[in-house]
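Grab your viewer and work through them one step at a time.

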Amino acid sequence: MRTPTALSTRVLLICAAIGVATGLLGAVAGWLTPVVVAALPIVYGLVLGSHVLPGIIAQELLRLPLVALLAHVIAALVASAFNPAWAPRFLGTALLFGAVQEGVAALTRYRAWGAWRFFVSAAVIGVLVAVIVGFAADLARLPVWAQIVYVVLSVLGPVAWTAAGLWVGVALRRAGVGRLTAR
């Protein structure tokens with residue numbers, strides 16, 4: 001039997017399903033963002049961290065190149081349909097997070113799929129979130145304790161969402177969703 005190509009129809013459909021499901025979650029995160037930023041900005045990293053899900057689930061399930069980026073872009077498009085004003089932010093976040101996840105996987109030549117690899121990409125994303133959003137939100141105006149809490153939660157947010165994404169990916173794999181060849 002022929003081995004499927006990296007972007008076979010089956011892979012594209014699986015990435016689309018992951019993108020739609022996580023895009024709906026991204027839309028909810030987009031709706032929550034103004035409320036969180038206005039009410040309790042130090043926890044914004046937890047909300048933004050939810051955007052790691054498409055790539056984590058796709059990579060854990062399929063273990064192929066480009067699936068994280070593809071799932072992220074589809075999720076961003078779905079989220080943008082529900083909140084068009086945020087479309088550039090959704091797409092920018094998708095490209096950044098997807099590129100980091102693909103980059104870490106590429107460093108291991110798409111051969112290392114242990115949980116550690118996913119958490120490395122989550123930590124990198126968390127640091128990027130802390131720095132980028134920290135400057136954008138003028139974190140320096142907050143008290144020192146709030147700045148520390150913000151940085152910790154910005155790094156832990158993507159890590160926690162990565163753990164959830166791995167759990168979903170493993171469950172889908174066990175259910176046979178990621179099987180790329182017919183039996």
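**Exercise 1.** How much space lies in the largest cavity?

*Solution.* Ground rules come first: this is a predicted model, where local features need pLDDT of at least 70 and side-chain atom pairs count only at pLDDT 80 or more, while totals for chains, interfaces and linings use all residues. Residues are numbered from 1 along each chain as its sequence is written, and side-chain values use heavy atoms, with hydrogens and water left out.

Step 1: On a 1 Å grid over the protein atoms alone, a cavity is a set of points where a 1.4 Å probe fits but cannot get out; a pocket is an open set with protein on both sides within 12 Å along at least five of seven lines; lining residues have an atom within 4 Å of a point. Points are joined across faces, edges and corners, and a volume is the space filled by probe spheres set on them.

Step 2: read off the value. The largest cavity holds about 100 Å³, and the count of cavities of 30 Å³ or more comes to one.

Step 3: Two or more residues each come from α1 (9-39), α4 (67-82) and α5 (87-107); helices here are DSSP runs (H or I, at least four residues), numbered from the N terminus. The top contributor is α4, with four residues.

Step 4: sort by class. Count Ala, Val, Leu, Ile, Met, Phe, Trp, Tyr, Cys and Pro as nonpolar, Asp, Glu, Lys and Arg as charged, and the others, Gly among them, as polar. The lining then has six nonpolar, seven polar and no charged residues.

**Exercise 2.** Work out how α1 sits against α4 and α3.

*Solution.* Step 1: axes are lines fitted to C-alpha atoms over the stretch in contact, with angles from 0 to 180 degrees between N-to-C directions. For α1 and α4, the angle is about 45 degrees and the axes are 6 Å apart. So α1 is oblique to α4; angles under 35 degrees count as roughly parallel, over 145 as roughly antiparallel, 65 to 115 as roughly perpendicular and the rest as oblique.

Step 1: the α1–α4 contact has 17 nonpolar, four polar and no charged residues.

Step 2: α1 and α3 (residues 53-62) cross at roughly 150 degrees, their axes coming within 9 Å. Therefore α1 is roughly antiparallel to α3.

**Exercise 3.** Describe the largest pocket.

*Solution.* Step 1: its volume is about 570 Å³. Step 2: 25 residues line this pocket, and T33, Y44, L48, V133 and A136 lie nearest its centre. Step 3: α1, α2 (44-48), α5 and α6 (115-136) each give two or more residues. Step 4: the lining divides into 19 nonpolar, four polar and two charged residues.
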